[in-house]
Amino acid sequence: MSDIAVGRLSDEELAQNFSDMYPRLDRKTALIEASRCYFCYDAPCMEACPTGIDIPNFIRKISTDNVRGSALDILDENIMGGACARVCPTEVLCEGACVRTAQENKPVVIGKLQRYATDWLMDSAEQPYERGPATGKKIAIIGAGPAGLAAAHRLAILGHEVDIFEALPKSGGLNEYGIAAYKVPDNFAQKEVDFILGIGGITVHHEKRLGEDIHLGDLRRDYDAVFIGSGLGSVQAMGLDNEHMDGLYNAVDYIADLRQTDDLSALLVGRHVVVIGGGSTAIDIAVKKKRLGAESVTLVYRRGAADMSATLVEQKFAQNNNVTIKHWMQPVAVKTVEDHVNGVEFEYTELDRDGKLTGTGETTTLHADMVFKAIGQVFVPDPVTHDSGRLELQNNRIVVDENYATSLAGVYAGGDCVVDNVGLTVAAVQDGKQAAKSINDYLMNS
Ligand SMILES: Cc1cc2nc3c(=O)[nH]c(=O)nc-3n(C[C@H](O)[C@H](O)[C@H](O)COP(=O)(O)OP(=O)(O)OC[C@H]3O[C@@H](n4cnc5c(N)ncnc54)[C@H](O)[C@@H]3O)c2cc1C
Ligand code: SF4
């Protein structure tokens, strides 16, 4: 029988397990940390930040107690600087490039300093941005995620009027429905959305889905330009029998439920949990299940540790949370008892002479009360292809040029839904910001 139950931990334990992962730096620590920065000329950390924040400059301002100025340096380039300070994999971005990393293996904690400055400004309740003089141009945006919100904010600064159409009841995209709860506690995602919309000139229409309630052809007719930032709408299938049995879940759906519940003790938790995948989503769901009280959580990936898209820091984080990671195994069968999942059979894998992943034929079965599939998300093309004028797709994502322009005149796209996007919040913000600049050039110069 499957052992799935609610309330495996007390309310106190759950509150502790889902509290802020890295609390904010206090002033004294921030000043000491800021003083470790060499303020490099041609700073490598700046190069490594996708949004190009002037990192030495914002850190220097912290060291002179000009926290407001520091926050503005960050937000001018990255309006989601608060979220990014909490969720960026800094170990492979800014901090990974910090000169102190090579010297002492201890980078300046750029992400935490960024949070120190941006939290200060958000707490002050000041709205530092205002809309530029009205241009009379109207832009429609699909999706109120990081890409859509960043594009909307920059377009509002440039004086345009923006309508965002969002399928879900809340704005924020995966910041609200996906990112690990302990990275963005205290309703941070909605506070940031309010801050961004506080500039004015942006209207969000919730529960309006492109392809159902609204259509690309109509938007092209009614607006001066369109930006698509709809992210990835579906999850990849493993292609196995029994994939839809009770007890086998899409990790992103469960994470969304977890993010929206106000009672963690009401969530179902298996005693033994298996997670299949190798990215941040797999790490997130594995750690969350452990923190919700699962007795054992095993994450299984078909290749080696270095091949996982989750960084080594993320892998270590999972292991520190008592998640067992097994490599070189691929799922071949979902085991069931009375229509409920009770395990997964895996085949061991290896690389053949040509470096191609292949099964060895040897198998093993891991018992599981709950199985989570986190093997990637896919773009749902229907809303942009079943319409007047088809958007060009490649590898099932939207093709854009260097200006974020799609194959349809006046239609731009950015974030997870475009080809070659790296799947990070900071990258989606940069896409939205840059696409807005291109849309402005297109509207004002044509
Ligand atoms: C579980 C999980 C954990 C993650 N953790 C991290 C992390 O720690 N750090 C990090 O940097 N990145 C993380 N990411 C990746 C990051 O969240 C995304 O790269 C980022 O949110 C992409 O932004 P976006 O605006 O392109 O898409 P999304 O955030 O997906 O936003 C798209 C929005 O469009 C809406 N939409 C979709 N289809 C339609 C439609 N037809 N009509 C209208 N609206 C529509 C959606 O409802 C959504 O609100 C994580 C992703 C997942 C799934
Ligand atoms: S936005 Fe992210 S990558 Fe850029 S400086 Fe801030 S924490 Fe680092």
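## Overall architecture

The protein chain has 18 helices and 19 strands, where helices (H or I, at least four residues) and strands (E, at least two) are DSSP runs numbered from the N terminus. This is a predicted model, in which local features need pLDDT of at least 70 and side-chain atom pairs count only at pLDDT 80 or more, whereas totals for chains, interfaces and linings use all residues; side-chain values use heavy atoms, with hydrogens and water left out. Residues are numbered from 1 along each chain as its sequence is written, while chains are lettered from A and ligands numbered from 1 in the order in which they are written.

Along its principal axes the C-alpha trace of the protein chain spans about 65 × 60 × 50 Å. The radius of gyration of the protein chain is 23 Å, which agrees with the value near 22 Å that a compact globule of 446 residues would have; this radius is taken over C-alpha atoms, and the globule rule is 2.2 Å times the number of residues to the power 0.38.

## Burial and contacts

Buried residues make up 51% of the 446 residues in the protein chain, buried meaning under 20% relative accessible area, exposed over 50% and partly exposed in between (1.4 Å probe, protein chains only). Among contacts with a separation of 6 or more, 70% join residues 24 or more positions apart, a contact being heavy atoms within 4.5 Å. The protein chain exposes about 19800 Å², of which carbon and sulfur atoms supply 46%; accessible areas come from the Shrake-Rupley method with a 1.4 Å probe, and for residues only the protein chains shown count as cover.

Helix H12 (residues 188-197) is largely enclosed by the rest of the structure, because 7 of its 10 residues are buried. The buried residues of H12 are Phe188, Ala189, Gln190, Glu192, Val193, Phe195 and Ile196.

Ligand 1 has 32 residues around it, of which Val87, Glu166, Lys183, Leu210 and Asp416 come nearest; a residue is near a molecule if one of its heavy atoms lies within 4 Å of it. By class, this shell has 14 nonpolar, 12 polar and 6 charged residues, with Ala, Val, Leu, Ile, Met, Phe, Trp, Tyr, Cys and Pro counted as nonpolar, Asp, Glu, Lys and Arg as charged, and the others, Gly among them, as polar. At least two residues of the shell come from each of helix H10 (146-157), strand E3 (161-166), helix H14 (251-260), helix H15 (280-291) and helix H18 (425-445).

An oxygen atom of ligand 1 is 2.6 Å from an N or O atom in the side chain of glutamate 166, and a nitrogen atom of ligand 1 is 2.9 Å from a polar backbone atom of valine 87. A backbone N or O atom of aspartate 416 also lies 2.9 Å from an oxygen atom of ligand 1. Of the 1000 Å² of accessible area that ligand 1 has on its own, the protein covers 93%.

Arginine 115, in helix H9 (residues 110-124), counts as buried at 9% relative accessibility. Leaving out residues up to four places away in sequence, arginine 115 touches Asp20, Tyr22, Pro23, Arg24, Ala85, Arg86 and Trp120. Glutamate 33 belongs to helix H2 (residues 27-35) and is likewise buried, at 11% relative accessibility; with the same exclusion, it touches Pro107, Val108, Val109 and Leu113.

Glycine 229 sits in the loop between strand E5 (225-228) and strand E6 (234-235) and is buried, with a relative accessible area of 11%. Beyond its neighbours within four places in sequence, glycine 229 is in contact with Ile142, Gly143, Ala147, Gly414 and Cys417.

Key:
A polar contact is a pair of N or O atoms within 3.5 Å; within protein, one must be able to donate a hydrogen and the other to accept it, and residues adjacent in sequence count only if both atoms are side-chain atoms.
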